[in-house]
Amino acid sequence: MLRIGLTGGMGAGKSTVARALVERGAVLIDSDVIAREVVAVGTPGLAALVEAFGSDILAADGSLDRPALAAKAFRDDESRTTLNSITHPLVGQRTAELFAAAAPDAVVVQDVPLLVENHMAPFMNLVLVVDVAAETRIRRLVEFRGVAEDDARARIAAQATDEQRRAAADVLLDNNGPAGEVEAAVARLWDERLVPFEANMRSGDAVRPAPRLVDPDPEWAAQAQRLIARLRVAAGAAAVRIDHIGSTAVPGLPAKDLLDLQITVPDLAAADGIRDALAAAGFPVIPQHTHDNPKPGAGAEVDPGRWEKRVHGSADPGRPAYVHLRVAGGPGQVFALAFRDWLRAEPAARAEYAEVKQKAAAAAGGLDREEAVAAYLAVEEPWFDAVYQRVLTWRAAHPE
C-alpha cells in the first residue's frame, strides 16, 4: 500500500485536506483520534495513566481530564518520559492494527500533527504539508476555535517552524487561497500522482521517463536528501553510504529531471537482501539494469563482472529517480563519486559535459522512449569512456 504522511501547523487546514483525500478514496489514520482512543474510559491506557499520575487526572465522569494530566505530565522530563512510555506504544500498536486492516491497494493517509517534530518523514512514501502563513493560522485559531491570541502564538511557536515543515514536504499544499482551492489541488494530486504511485508500487514498476534536458533546479538537492532519508531507513545496515550523484548533484548543470542516487553496499548479496525493503519504500527493482558499461582501464577494471550492480527506480511519477546499488571500492562506485566531484570542482569539465548533454538530447529528440534512451547513450557513453582516466587522475590528486 501507499503510505502518505499529512501534517501542517495548527490552523493550517489539515482536516480539510484529509477530508478531501478520504472523499477521493483514501484510508485515513488520524493520530489525534488514536491518541484519544487509547486512553478512553475503560482502556488499559487510562488505567496506566491513573496508576502513574493519580486519580485526580480523571474528570467527574471518569474520563481523562487532559489539562489535569498535562499539569502533572509536563512538569519535568521524568514525568514527560513516563507519559510517553505509556501512550506511545499504545498509539503505535493501534496504528499498526489500522494499517494491517487496510486493503493491499489502499492509499493510507496518516494525519500526524507532529510528523516533522518526531522525525517520521523518512518512514512515509510521501509527505504532504499543508502550508498557510502563520498570521493567517493565528487568525483562524482565534476566530474559529476560540483560542486566545497569546495562546495561539505560543502553541505555534512550540511546533516546528514553517521552514522545517517545508523542508520535509514532498508536496506543499498552499491553503492560503479561497475556499475550495486546496480541495481542487488535492483532486489533481490524487489523480496525477497518488493513484499512479500506488499502482506502480503494487505492480513493481519504476518510472522511467524519456531523456529530456531541463534547466537546473535548485530544489534537486533537497529532494535528493528526502529520498536518501527514506532509502537509509529501508536499507538499514546494508548501506555503507548513500549519495546524490549524477548531473542533478552538480549545481548549475542542465540535466534530465531524474535524480540519481547511489547506495554503496559491501557486496551484491547485501543489495539483493534489501530488494523488498526498497520496493516497500517506493523503489522497485529494475531487473534489466545489472551492469555499468565497463570503462577503458588497466588490469581487472575491464572485466564486466567488476561493473555489476543493481538498480531500483522511484515508483513516484512526481519525482523520478534511479537508485544504483554498487559495491564499495568497485570501479563503478568509485567513478560515480569521482565524476560528480570532478564536475563540481572544475568549471571547464562542467561546460564540456553540458555540451555533450545538449548533443545527446538533440539526438534523442522526437524518438519514443526506448529509441531516445539508446540515442542519448550513444552520444554520452563514448565521452564517459574518453574522460574516465582524466577523472581518476583528478581524484588521485584530490582525495576525499
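Me: Which strand and which helix each supply at least two residues of the lining of the second largest cavity?
Reply: This is a predicted model. The lining of its second largest cavity includes Val 130 and Asp 131, as well as Asp 162 and Arg 165. The elements that each give at least two residues to this lining are strand S4 (126-131) and helix H8 (162-168).

Me: How many charged residues are in the lining of the second largest cavity?
Reply: Among the residues that line this cavity are Asp 131, Arg 137, Asp 162 and Arg 165. By class, the lining has three nonpolar residues and one polar residue, and its charged residues number four.

Me: What is the bridge partner of Val 129 in S5?
Reply: S4 pairs with strand S5 (residues 171-174) in the parallel sense, over four bridges. S4 is also joined to strand S1 (residues 2-8) by five bridges, again running parallel. On the S5 side, the partner of Val 129 is Leu 172.

Me: Which helices each supply at least two residues of the lining of the largest cavity?
Reply: The largest cavity holds about 70 Å³ of space. It is lined by 13 residues, and those nearest its centre include Phe 197, Leu 227 and Arg 230. At least two lining residues come from each of helix H9 (181-203) and helix H10 (220-235).

Me: How far apart are the closest N and O atoms of Arg 310 and Asp 272?
Reply: Side chains of opposite charge can pair when their charged atoms come close. Arg 310 counts as buried, at 18% relative accessibility, whereas Asp 272 counts as partly exposed, at 41%. These two residues form a salt bridge, and the distance between their closest N and O atoms is 2.8 Å.

Note on methods:
Residues are numbered from 1 along each chain as its sequence is written. This is a predicted model: local features need pLDDT of at least 70, side-chain atom pairs count only at pLDDT 80 or more; totals for chains, interfaces and linings use all residues. Side-chain values use heavy atoms; hydrogens and water are left out. On a 1 Å grid over the protein atoms alone, a cavity is a set of points where a 1.4 Å probe fits but cannot get out, and a pocket is an open set with protein on both sides within 12 Å along at least five of seven lines; lining residues have an atom within 4 Å of a point. Grid points are joined across faces, edges and corners, and a volume is the space filled by probe spheres set on the points. Ala, Val, Leu, Ile, Met, Phe, Trp, Tyr, Cys and Pro count as nonpolar, Asp, Glu, Lys and Arg as charged, and the others, Gly among them, as polar. Two strands pair if DSSP finds at least two bridges between them. A salt bridge is a side-chain nitrogen of Lys or Arg within 4 Å of a carboxyl oxygen of Asp or Glu. Buried means under 20% relative accessible area, exposed over 50%, partly exposed in between (1.4 Å probe, protein chains only).
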